[in-house]
Amino acid sequence: MSTTSAGLLLHRLSGGSIEVLLGHMGGPFWARKDAHAWSVPKGLHTADEEPLAAAEREFAEELGSPAPSGPTVPLGSVRQSGGKTVTVFAREGDFDATSISSNEFEIEWPRGSGRMQSFPEIDRAGWFDLETAAEKLVKAQAPFLDRLREHLTGS
């Protein structure tokens, strides 16, 4: 059975450039990484949950506030290297990336210590132009940036 995830890629125009909101993945593995360590706010959903509803739920859980309302554009799906299928929707809107409050996950850390620690799923968020976002976003999610550009500019 494949794992499915859904996310919401918020975007805005700033100084004539398209910017997208990304979240830096939390936890010790990602702590010192920047390139390809950011993600569209997203999360798992079951087969009986609508992907858009899951994307909106996960946005609120990972960033601490509901996504701005507005028209939503499906950007399709990609399959990540681990086998997870990610479906993303785009929505224009603004969001204060400096005041996020993410839900947490728990893992044994340090590994082999027997000690469980909690970490935020997203430890920070930021707005990036599409070129910078392509350098920060996990590689499997990069096609969503091209699809968003194509939708917004027709090229």
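Leaving aside its neighbours within four places in sequence, which residues is R91 in contact with?

Modeller: This is a predicted model, in which local features need pLDDT of at least 70 and side-chain atom pairs count only at pLDDT 80 or more, while totals for chains, interfaces and linings use all residues. Residues are numbered from 1 along each chain as its sequence is written, and side-chain values use heavy atoms, with hydrogens and water left out.

With those sequence neighbours set aside, R91 is in contact (heavy atoms within 4.5 Å) with L8, L9, L10, H11, L52, E56, A67, P68, S69, G70, P71 and T72. R91 is found in strand β6; strands (E, at least two residues) and helices (H or I, at least four) are DSSP runs numbered from the N terminus. R91 is buried, with a relative accessible area of 4%, where buried means under 20% relative accessible area, with a 1.4 Å probe and protein chains only. Its side chain and that of E56 are joined by a polar contact of 2.6 Å, that is, a pair of N or O atoms within 3.5 Å, one able to donate a hydrogen and the other to accept it, with residues adjacent in sequence counting only if both atoms are side-chain atoms. The side chain of R91 also reaches the backbone oxygen of G70, at 3.3 Å.

Helix α1 comprises residues 51-63. Its buried residues are A54, A55, E58, F59, E62 and L63. They lie on the same side of α1, because they cover an arc of only 140° around the axis, taken from the directions from the helix axis to the C-beta atoms. Their cover includes β1, β2, β4, β6 and β9. Just after α1, G64 takes a positive phi of about 90°.

Methods: The expected span of a helix is 1.5 Å times one less than its number of residues. Buried means under 20% relative accessible area, exposed over 50%, partly exposed in between (1.4 Å probe, protein chains only).
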